[in-house]
Amino acid sequence: MNTYHEAQLDALGDATRRAILSRLIDGPLPVGEIARDLPVSRPAISQHLRVLKEARLVTDRADGARRLYALNPEAFDALREYFDRFWTQALAAFKRRVEAHPSKEKPHDRHRHRSHR
Amino acid sequence: MTVTDTDRTVDAVRKTITVQTSPQRAFHVFTAEYDSWWPRSHHIGKSPMKRAIIEGRAGGRCYTEQEDGTDCDWGSVLVWDPPHRLVIAWQIDGKWQFEPDLAKSSEVEVRFTAEPGGRTRVDLEHRHLDRHGVDAAAIRTAIDSPNGWGGLLQMFVDRVEGR
């Protein structure tokens, strides 16, 4: 098992960490803003942010004297790759299906793939 | 504060193929007969998928019938313009559950254009992927590993629910 995926699953299996991710959807925040109203101590938030960083779900950078935390756009790159592969596979199957019966202009309601219903 | 790295725009996935048939028939097979080509492994039901249905009208449901008798919605038809154009909301969240909120759903647009020689160009665009949210994105990524998503998904569910 890929440790990067394992780390992501671990990181997401926690309600506070999922709350932190939701809070970052509108843009980067300092830890004080992230912790606001969450029923968790500030050191605990920092610990959660460390886990999220290690799982590459969150990035951080210095902004003057404080640190800003942001969602890592890499997570979306991977989602995009997932759909890229999915649609390549699905459209190839669609093309095979369409061209398997090239002469049929008036499609039937029933065909062999539904015979097991 | 100037923020330069908040641009979370995710490029749409775009695919084009050409098929040897008319736009009418391509549209029909893509929608009314999508059960005949959709990858059987791709559904969100708890039992094996029996049949896949796209209801042919704006507002129509996209769902699968499962062997345990349940229906699993995964999307809805936003634009129904046969045989030219189809837009479907992709309403699956990061936990492989139906997402009723269109604002948290991505969109799949499919266009069918006649080409010389009785062929049809099919342009597919899957856009607004960022609406699924980064946690959904990460879950998808984790699930879509070479080890197969089933085991990983179960592992994720166990971890989330086992607390």
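Trainee: In what order do the elements of chain A run from the N terminus on?
Mentor: In this predicted model, chain A goes α-α-β-α-α-β-β-α. That comes to five helices and three strands.

Trainee: OK, and what's the strand order in the sheet?
Mentor: E1-E3-E2 in chain A, as an open sheet with antiparallel pairing.

Trainee: Which ones are the edge strands?
Mentor: Strand E1 (29–30) and strand E2 (58–63) of chain A, since each pairs on one side only.

Trainee: How many bridges are there between E2(A) and E3(A)?
Mentor: Six, in the antiparallel sense, with E3 of chain A covering residues 66–71. One of the residues involved is Asp63(A), whose bridge partner in E3(A) is Arg66(A).

Trainee: Switching to helices: at what angle do H2 and H4 of chain A pack?
Mentor: About 75 degrees, and their axes are 10 Å apart. Angles of 65 to 115 degrees count as roughly perpendicular, so H2(A) and H4(A) are roughly perpendicular to each other.

Trainee: Which residues meet there?
Mentor: From H2(A) you have Thr16(A), Arg17(A) and Ile20(A); on the H4(A) side they meet His48(A), Leu49(A), Val51(A) and Leu52(A).

Trainee: How do the residues of that contact divide, nonpolar, polar or charged?
Mentor: Four are nonpolar, two polar and one charged.

Methods. Residues numbered from 1 in each chain as written. Chains lettered and ligands numbered in written order. Predicted model: local features only at pLDDT ≥ 70, side-chain atom pairs only at ≥ 80, totals over all residues. Axes fitted to C-alpha atoms, helices over the stretch in contact; angles between N-to-C directions. Helix = DSSP H or I, 4+ residues; strand = E, 2+ residues; numbered from the N terminus. Parallel < 35°, antiparallel > 145°, perpendicular 65-115°, else oblique. Contact = placed C-beta atoms within 7 Å. Nonpolar A, V, L, I, M, F, W, Y, C, P; charged D, E, K, R; others polar. Pairing = 2+ DSSP bridges.
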